[in-house]
Amino acid sequence: MDSSAIAHEILNAIGGSKNLIHNEVCMTRLRLSISDMTLIDYEQLSTATGVLGIVGKGANGLEVVFGPNLVNQVNNSLDQILGEPEVTSCSLNEKHSTSLPTHNEEVDDPISLLAQKNNIDQNKADFDSLASDLDTDDFEDNYEDDLEAPRLLIINGPNINMLGIREPEIYGKADYRTLIEACKTEAQSQGFSDCVCYQSNHEGDLIDAIQDALGSYDGIIINPAAYTHTSVALLDTALAVQLPMIEVHLTDISTREDFRHISYIKDACFATVAGKGIDSYREAIQLMAAHLKAEA
């Protein structure tokens, strides 16, 4: 794979080089610190060449999962593009630290913080003048709406990225990009402020994604795929995090092979939707929106 081309894909997906504060490698992950998270095209990023999955990391962090060799090549290419050839790897202690998000988990660049402070001080008068011209009631209503709008994480397990190629007579001809687009469209129509679709073929990555969702997302829709029938670890993680969760499957697993009738993750979910293809995801999103509204 052309690591330089992949690096350009990553930069385009995150909103350009000016939106990237810092990049480093942590095991198989390209860890990125982002200036403005709203500029990220998650669909483009998740389908970029060589990308196995995406995990949010704090308020302004993102981890892009690659294979162990490719991640270093892509990071080096990013450094060359940005003109910052430096060693960027997380420490051994950091590799073994918990992935649960905490307030001080990510250390902000002090230079960046200083620049922000200077800008705030320099423009305070302009801000106060602008704020005085706003309708206070409208401002507070919009602000509350932004705060209250829930965030949704959709987690997909092994081979879901092969939709359209993998046994289309069973899983349908729609590809993974179509699935992502359908989920984002439905999530927006149901009032979610954000819908992030994450996919990985590795059990540990799925566990990390569930853990990282704590404090960042309001609900999880999960299709563990083959791990549905084997992974007690995913169940334990879901029970530990205790976020509202819905199990979803493209096919009706209860009518397939006997081993597919077992679902460990089911015990951590308040609903299961299966056998409706991509519409399983749409229905699950609707159920999650109704559940979160009822719990609010």
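By lying across I mean contact, that is, heavy atoms within 4.5 Å. My angles run from 0 to 180 degrees between N-to-C directions, with axes as lines fitted to C-alpha atoms, for helices over the stretch in contact. My helices (H or I, at least four residues) and strands (E, at least two) are DSSP runs, numbered from the N terminus.

**Ground rules.** This is a predicted model, where local features need pLDDT of at least 70, side-chain atom pairs count only at pLDDT 80 or more, and totals for chains, interfaces and linings use all residues. Residues are numbered from 1 along each chain as its sequence is written, and side-chain values use heavy atoms, with hydrogens and water left out.

**Overview.** I noted 11 helices and nine strands in the protein. Of its 296 residues, 41% count as buried. Buried means under 20% relative accessible area, exposed over 50%, and partly exposed in between (1.4 Å probe, protein chains only). I also checked contacts between residues at least 6 apart in sequence: 73% of them join residues at least 24 apart.

**The parallel sheet.** In what order do the five strands of the open sheet stand? I read E6-E5-E7-E8-E9, with parallel pairing. Two strands pair if DSSP finds at least two bridges between them. Strand E6 (194–199) and strand E9 (271–274) are the edge strands, each pairing on one side only. From one strand to the next, the twist averages 20°.

I then followed one pair. Strand E5 (residues 151–156) runs parallel to strand E7 (residues 219–223), and five bridges join them. Asn156 has Asn223 in E7 as its bridge partner.

Helix H11 (residues 278–295) lies across E5, E7, strand E8 (245–249) and E9, at about 165° to E8.

**The antiparallel sheet.** I found another open sheet, of four strands, in the order E1-E2-E4-E3 with antiparallel pairing. Strand E1 (20–26) and E3 are at the edges with a single partner strand each, so one side of each has no neighbour in the sheet. Neighbouring strands here are turned by 20° against each other on average, direction ignored. Strand E2 (residues 29–34) pairs with E4 over five bridges, in the antiparallel sense. Leu30 stands opposite Val64 in E4.

**Gly50.** I looked up Gly50 in the loop between helix H2 (42–46) and E3. How far apart are Gly50 and Met1 in space? C-alpha to C-alpha, I get 7.9 Å, though they are 49 residues apart in sequence. Neighbours within four places aside, Gly50 contacts Met1, Val65, Phe66 and Leu70.

**The second largest pocket.** About 470 Å³ of space lies in this pocket. Its lining has 27 residues, with Met37, Tyr42, Arg151, Asp194 and Val196 nearest its centre. A pocket is an open set of points on a 1 Å grid over the protein atoms alone, where a 1.4 Å probe fits, with protein on both sides within 12 Å along at least five of seven lines; lining residues have an atom within 4 Å of a point. Strand E3 (53–56), strand E4 (61–65), E5, E6 and helix H9 (203–213) each give two or more residues to the lining.

**Helix H9.** Which residues of H9 are buried? I listed Asp205, Leu206, Ile207, Ala209, Ile210, Asp212 and Ala213. Just after H9, Gly215 takes a positive phi of about 90°.

Key:
Grid points are joined across faces, edges and corners, and a volume is the space filled by probe spheres set on the points.
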